[in-house]
Amino acid sequence: GFLDDTALLDLNYMEEGGGGPEVHVAYMPQMDKLVAVTTENKASVDVFEKSYELALDGCRVASALMRECMITHAKRLYA
């Protein structure tokens, strides 16, 4: 999302109420492919690009963290 000239990731309820555009992305990390992008509000190209890039980076970070946790957990189970 975007609020007060700042791109934000994982907006809370108060931030969502700020009226800025929200960009939702679906990402396949195994293939490094973006599979869907949606937005609720109109946004300038600049605002959309900043929100989109932050959302995509967030997907990559979250995917890497989840994979790391899954591998650590699996190692503990099978050690």
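Asp32 counts as partly exposed because its relative accessibility is 46%, where partly exposed denotes the range between buried (under 20% relative accessible area) and exposed (over 50%), computed with a 1.4 Å probe and protein chains only. The model is predicted, so local features need pLDDT of at least 70 and side-chain atom pairs count only at pLDDT 80 or more, whereas totals for chains, interfaces and linings use all residues. Residues are numbered from 1 along each chain as its sequence is written, and side-chain values use heavy atoms, with hydrogens and water left out.

Asp32 is located in the turn of a hairpin formed by β3 and β4, with four residues between the two strands, and has a positive phi of about 50 degrees. Helices (H or I, at least four residues) and strands (E, at least two) are DSSP runs, numbered from the N terminus. The pairing of β3 with β4 is antiparallel and extends over six bridges; two strands are taken as paired if DSSP finds at least two bridges between them. Within this arrangement, Ala26 has Ala36 in β4 as its bridge partner. Met31 is also placed in the loop between β3 and β4. Together with Met28 and Val35, Met31 forms a nonpolar patch on the surface, with about 270 Å² of accessible area in total. Patches are made of residues with over 30% relative accessible area and no salt bridge, like charges being joined within 9 Å and nonpolar side chains (Val, Leu, Ile, Met, Phe, Trp, Tyr) within 5 Å. Accessible areas come from the Shrake-Rupley method with a 1.4 Å probe, and for residues only the protein chains shown count as cover.

Helix α2 comprises 33 residues (45–77) and spans 48 Å from its first C-alpha to its last, close to the 48 Å expected at 1.5 Å a residue. The expected span is 1.5 Å times one less than the number of residues. Val47, Ser51, Ala55, Leu56, Gly58 and Ser63 are the buried residues reported for α2. The buried residues of this helix pack against β1 (2–3), β2 (6–7), β3 (23–28) and β4 (33–39). Ser51 is buried because its relative accessible area is 4%. When residues up to four places away in sequence are not counted, Ser51 touches Gly1, Phe2, Ala7 and Val23, contact being defined by heavy atoms within 4.5 Å.

A salt bridge requires a side-chain nitrogen of Lys or Arg within 4 Å of a carboxyl oxygen of Asp or Glu. By this rule, three salt bridges are found. In the pair formed by Arg60 and Asp32, the closest N and O atoms are 3.4 Å apart. Arg60 lies in helix α2 and Asp32 in the loop between β3 and β4, so this pair ties together parts that are 28 residues apart in sequence. Arg60 is partly exposed, at 34% relative accessibility.

Arg60 also forms a salt bridge with Asp57, with the closest N and O atoms 3.6 Å apart. Both residues, Arg60 and Asp57, lie in helix α2, three residues apart, about one turn of the helix. Through shared partners, the salt bridges join Asp32, Asp57 and Arg60 into one network. Asp57 is partly exposed, at 38% relative accessibility.

Asp46 and Lys50 form a further salt bridge, with the closest N and O atoms 3.4 Å apart. Both lie in helix α2, separated by four residues, about one turn of the helix. Asp46 is partly exposed at 42% relative accessibility, and Lys50 is partly exposed at a relative accessible area of 43%.
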